[in-house]
Amino acid sequence: MGALSLSLPADIRNNRMRLSSYVTAYNLGRLLSYAAAGALAGVSGHEALGLLGLDDDAAHRLLRVLGAVFIVVIGLYLGGWLPQVIRLERIGQPLWKKVEPLTRSLMPIKSIYQALLYGMLWGWLPCGLVYMVLLMTVTAGSAVQGASMMLAFGLGTLPAMISAGVMLGWVRRLANTPYSRQVIGVVLVITAIASLFIGVDNGHQHHH
């Protein structure tokens, strides 16, 4: 994000309002690509459940457990306890080789429209964390739910990404400190495990 901002013409970089609008356009494009990927993953998961022939209750339980597992893995990755997740980035390399030349054709960025298009391509840049969340959206059950999950993830990344773009370094420094990452990782793991028990309780109440 910082590199994209630095590649903008000087008259845009030196005007905080204009710079912010370009950074926002980059990130809006990125969120649109996340939503598209989430919709595809949600549909794929729904089709896979159909092929397995599970009834609604069994499918719901399976999706809940899988979703919790993925959140635990994300928490462990963010906390620095499961760095192997980064290897997922290899999956996206073939696609990125096709997309990357398109990003070069848009450079240099001179309009908001170009920034939006660049962001839509940039969203497909291989990223282990994005892929982990994308795998989780396979458990969403539908295209709309999958797109919503990826949009929620994308919105959660906005404070760090926008601050990196407009050079507000303190948010980036906070996000990159091991302590804060470990706290976030632990919270995610606890949330994932708790979601399983809350689901069980709700199920019992429903049957009563």
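Student: So why is Thr-103 counted as buried?

Tutor: This is a predicted model, and the values here are computed from it. Thr-103 has a relative accessibility of 3%. The cut-off for buried is under 20%, so Thr-103 counts as buried.

Student: Where does Thr-103 lie?

Tutor: In helix H5, which covers residues 89-106.

Student: And what does Thr-103 touch?

Tutor: Trp-96, Tyr-118 and Leu-121. That leaves out residues up to four places away in sequence.

Student: Let me zoom out. How many helices and strands does the protein have?

Tutor: It has 10 helices and 0 strands. Along the sequence, the pattern reads α-α-α-α-α-α-α-α-α-α.

Student: How much of the protein counts as buried?

Tutor: 39% of its 208 residues.

Student: And what about contacts between residues at least 6 apart in sequence?

Tutor: Of those, 73% join residues at least 24 apart.

Student: Next, H3. How many residues does H3 have, and how far does it reach?

Tutor: H3 has 37 residues. From first C-alpha to last, H3 reaches 53 Å. That is close to the 54 Å expected at 1.5 Å a residue.

Student: What happens at the start of H3?

Tutor: Asn-15 reaches in there. One of its side-chain oxygens comes to within 3.1 Å of the backbone nitrogen of Met-17.

Student: And just after H3?

Tutor: Gly-53 sits there, with a positive phi of about 70 degrees.

Student: At what angle do H3 and H6 pack?

Tutor: About 40 degrees, and their axes are 6 Å apart. H3 spans residues 16-52, and H6 spans residues 112-122. The crossing is right-handed.

Student: Which residues make the contact?

Tutor: On the H3 side, they include Tyr-22, Tyr-26, Arg-30 and Ser-33. On the H6 side, they include Ile-112, Tyr-118, Met-120 and Trp-122. By class, the contact has 11 nonpolar, 5 polar and 1 charged residues.

Student: What is Met-120 in contact with, leaving aside neighbours within four places in sequence?

Tutor: Gly-29, Arg-30, Leu-32 and Ser-33. There is also a C-alpha distance to note for Met-120 and Tyr-26: 7.6 Å in space, at 94 residues apart in sequence.

Student: Back to Arg-30. Which side chain does Arg-30 join in a polar contact of 3.0 Å?

Tutor: The side chain of Thr-157. Thr-157 lies in helix H8, residues 143-165. The Thr-157 side chain also reaches the backbone oxygen of Gly-154, at 2.6 Å.

Student: New topic. Where is the cis peptide bond?

Tutor: It joins Met-107 and Pro-108, with omega about -5 degrees. Pro-108 is found in the loop between H5 and H6.

Student: What about helix H7: how many of its residues are buried?

Tutor: 9 of 10, so H7 is mostly covered. Among the buried ones are Gly-128, Tyr-131, Leu-134 and Thr-137.

Student: Is Gly-79 buried or exposed?

Tutor: Buried, because its relative accessibility is 8%. Gly-79 lies in the loop between helix H4 and H5.

Student: Which residues is Gly-79 in contact with, again leaving aside neighbours within four places?

Tutor: Arg-181, Gln-182 and Gly-185. Gly-79 and Gly-185 are 106 residues apart in sequence, yet 4.6 Å apart in space, C-alpha to C-alpha.

Student: Last one: is Pro-178 buried or exposed?

Tutor: Exposed, because its relative accessibility is 56%. Pro-178 is found in helix H10, residues 178-207. From Pro-178 to Leu-78, the C-alpha atoms are 9.0 Å apart in space, and the two residues are 100 apart in sequence.

Conventions
Residues numbered from 1 in each chain as written. Predicted model: local features only at pLDDT ≥ 70, side-chain atom pairs only at ≥ 80, totals over all residues. Heavy atoms only, no water. Axes fitted to C-alpha atoms, helices over the stretch in contact; angles between N-to-C directions. Helix = DSSP H or I, 4+ residues; strand = E, 2+ residues; numbered from the N terminus. Left-handed = near helix turned anticlockwise from the far one by under 90°. Contact = heavy atoms within 4.5 Å. Nonpolar A, V, L, I, M, F, W, Y, C, P; charged D, E, K, R; others polar. Buried < 20%, exposed > 50% of the residue type's maximum accessible area, 1.4 Å probe, protein only. Expected span 1.5 Å × (residues − 1). Polar contact = N/O pair within 3.5 Å; in protein donor to acceptor, adjacent residues only side chain to side chain.
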